[in-house]
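Work through the exercises below with the sequence and the model at hand. Each task is followed by a solution in steps.

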Amino acid sequence: MGVIDELLGNNRDFAAGLTERHLDVRPSRRLAIVTCMDSRLDVFAALGLGDGEAHVLRNAGGVITDDVIRSLAISQRLLGTREVMLIHHSDCGMQKVTDDGFRAELQGDTGVAPAFAIESFTDLDADVRQSVLRVRNSPFLPHRDAVRGFVYDVDTHRLREVSG
Ligand SMILES: [Zn+2]
């Protein structure tokens with residue numbers, strides 16, 4: 001049995017223990033969070049958030065890509081969010097590769113160079129600042145004042161704000 005089958009069983013138990021309810025599609029805290037896909041960061045638990053309260057956008061590194069801007073544009077323009085919280089974290093996998101090295105690995109294995117940017121980084125704080133700037137500079141986002149960047153320590157569970 002694969003892990004997904006196990007999770008389907010977990011979901012049956014989860015749903016059976018809850019009463020049915022419908023929440024508004026618009027996040028009640030009017031907040032969007034962009035963070036890494038890292039499996040050690042439980043965003044809702046770490047921030048004390050509940051269902052229906054915030055959008056959470058995740059990718060490798062918590063990078064502000066065009067697709068993240070696409071989601072933030074939907075989040076702000078259609079679904080009413082106003083603040084953006086960016087969270088990078090210690091011991092990130094994106095610090096363990098280089099753009100050129102990973103690109104060469106992909107091209108060497110497949111014969112095709114990827115069209116996407118790898119977006120690796122070495123300096124966490126510098127990358128958080130760059131991410132904040134990418135959000136602040138996007139013409140597609142109507143709400144760019146309340147953008148703040150943080151680093152989450154995966155060992156201590158603490159957030160540290162990165163000043164602009
Ligand atoms: Zn990461």
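The model is predicted: local features need pLDDT of at least 70, side-chain atom pairs count only at pLDDT 80 or more, and totals for chains, interfaces and linings use all residues. Residues are numbered from 1 along each chain as its sequence is written, and side-chain values use heavy atoms, with hydrogens and water left out.

**Exercise 1.** Compare the reach of helix H5 with its expected span.

Step 1. H5 covers residues 124-136, 13 residues in total; helices are DSSP runs of H or I with at least four residues, and strands are runs of E with at least two, numbered from the N terminus.
Step 2. The expected span is 1.5 Å times one less than the number of residues.
Step 3. From first to last C-alpha H5 reaches 18 Å, close to the expected 18 Å.

**Exercise 2.** Find which residues of H5 are buried and what they pack against.

Step 1. Leu 124, Asp 127, Val 128, Ser 131, Val 132 and Val 135 are buried (under 20% relative accessible area, 1.4 Å probe, protein chains only).
Step 2. Seen down the axis, these buried residues fall within an arc of 145 degrees, so they line one face of H5; the arc is that of the directions from the helix axis to the C-beta atoms.
Step 3. They pack against helix H3 (66-77) and strands E3 (83-89), E4 (147-152) and E5 (159-162).

**Exercise 3.** Describe the surroundings of Ser 131.

Step 1. Ser 131 lies in H5 and counts as buried because its relative accessibility is 3%.
Step 2. Leaving out residues up to four places away in sequence, Ser 131 touches Gly 62, Ile 64, Leu 86 and His 88 (heavy atoms within 4.5 Å).

Key
Buried means under 20% relative accessible area, exposed over 50%, partly exposed in between (1.4 Å probe, protein chains only).
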